[in-house]
Amino acid sequence: ITDCALTPHVYWAQRHGEIYLRVEISDGQSLSIGVEENILHFKGQGHGAKGENEYEFSLEFLKPVKPEVTRQVNITVKKQEHVWWNRLTKQEKKPLFLAPDFDRWLDESDAEMELREKEEKINKINIESRVRKDPFLGLKKGFLFMYNLVQFLGYSWIFVNMTVRLFILGQDSFYDTFHTIADVMYFCQMLAIMEVINPAVGLVKTGVMPAFIQVMGRNFILFVIFGTLEEMQNKPVVFFVFYLWSMIEIFRYPFYMLACIDTEWKLLTWLRYTIWIPLYPLGVLSEAVAVIQSIPIFDETKLLNIPLPKAIGTSLSFSYILQLYLVIMFFGLFINFRHLFKQRSRRFRTKKRKAN
């Protein structure tokens, strides 16, 4: 650069494979941009920091770059190696006219994440171009939409019915919850078996095991604990089990329903991935209370006892199975909690990346 040359403001950023330079000149004319012996030379006429003038600068890069450049006021230079640089120039002291371009600036970890996302997107496009489109995709989405809609309506009826009865009858509504709600709950929980079948046959991409644990666990409580024991049907614990189940599902099913038509409501998404954090453990706790309360009833009535050979004994009390089930229940809570937390963190991490 000559002694009397004017230098424009230059802002820079990088990725692993490229250098981005933004020269602050408007109405640029007669631009001369080139790389020789790893030194970028810029010269051009335009309106910059010193008004309408001719501006020029040179930068010697820290590491080798390719000679070709994008000939615009926004300059892109290809690195010869895909590596991260600690600085832009070979000289340690930064030129006075050079500054970071914070509009494009990423730190090394963010740049690696961006690179991975680009590679994943390219791989996805390549795979989709090779894989034939599913001719039944619309039919599958329609089926899933109707399934989630029916479940949403069912659990909404349960939740509204129980809430209204609670306000009108107070604590008295605790004792006849089963006789009022059981038929609709039976229907919803029998239909929920589809949530195990759907991932098993590839209709949805969620895991089979978490769905199996939740659906079978709820059906065990509903059909075995409440359904077979009349003594349990009038207990307040039925109210809490049904109410907590319905509170979770009135947010979960509409979220999946809207996902079938590629629609998202931010508040609903937040509720779907957040409200279960207190409600799910409370639901499991209420189920555990129901199991514990049923154990003396099964012991007294000998209902569902397992007959044993005479050499061993008369029968095995079903209460032993319930005690084992309590252990399995909390093990299942750990598995599902871990799975749901991974889903939540992955969901909001993806949304954050898209926002950035």
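**Sheet and helices**

Author: Five strands form an open sheet in the order S6-S7-S2-S1-S8, with mixed pairing. This is a predicted model, in which local features need pLDDT of at least 70, side-chain atom pairs count only at pLDDT 80 or more, and totals for chains, interfaces and linings use all residues. Residues are numbered from 1 along each chain as its sequence is written, and side-chain values use heavy atoms, without hydrogens and water.

Reader: What makes strand S6 and strand S8 the edges?

Author: S6 (65–69) and S8 (98–100) each have a single partner strand, so one side of each lacks a neighbour in the sheet. From one strand to the next, the twist averages 30°.

Reader: Why are S6 and S7 called paired?

Author: Two strands pair if DSSP finds at least two bridges between them. S6 and S7 (residues 74–79) have 2 bridges, in the antiparallel sense, and therefore count as paired. Val-69 stands opposite Val-77 in S7.

Reader: How do you know that the span of helix H3 agrees with expectation?

Author: The expected span is 1.5 Å times one less than the number of residues. For the 15 residues of H3 (177–191) that gives 21 Å, and the end C-alpha atoms are 21 Å apart, so the two agree. H3 also has a kink of about 40°, centred on Asp-183.

Reader: Why is H7 called largely enclosed?

Author: Buried means under 20% relative accessible area, exposed over 50%, partly exposed in between (1.4 Å probe, protein chains only). In H7, 18 of the 23 residues are buried, so the rest of the structure largely encloses this helix.

Conventions
Helices (H or I, at least four residues) and strands (E, at least two) are DSSP runs, numbered from the N terminus. The bend at a residue is the angle between axes fitted to the seven residues ending there and the seven starting there. Axes are lines fitted to C-alpha atoms, for helices over the stretch in contact, and angles run from 0 to 180 degrees between N-to-C directions.
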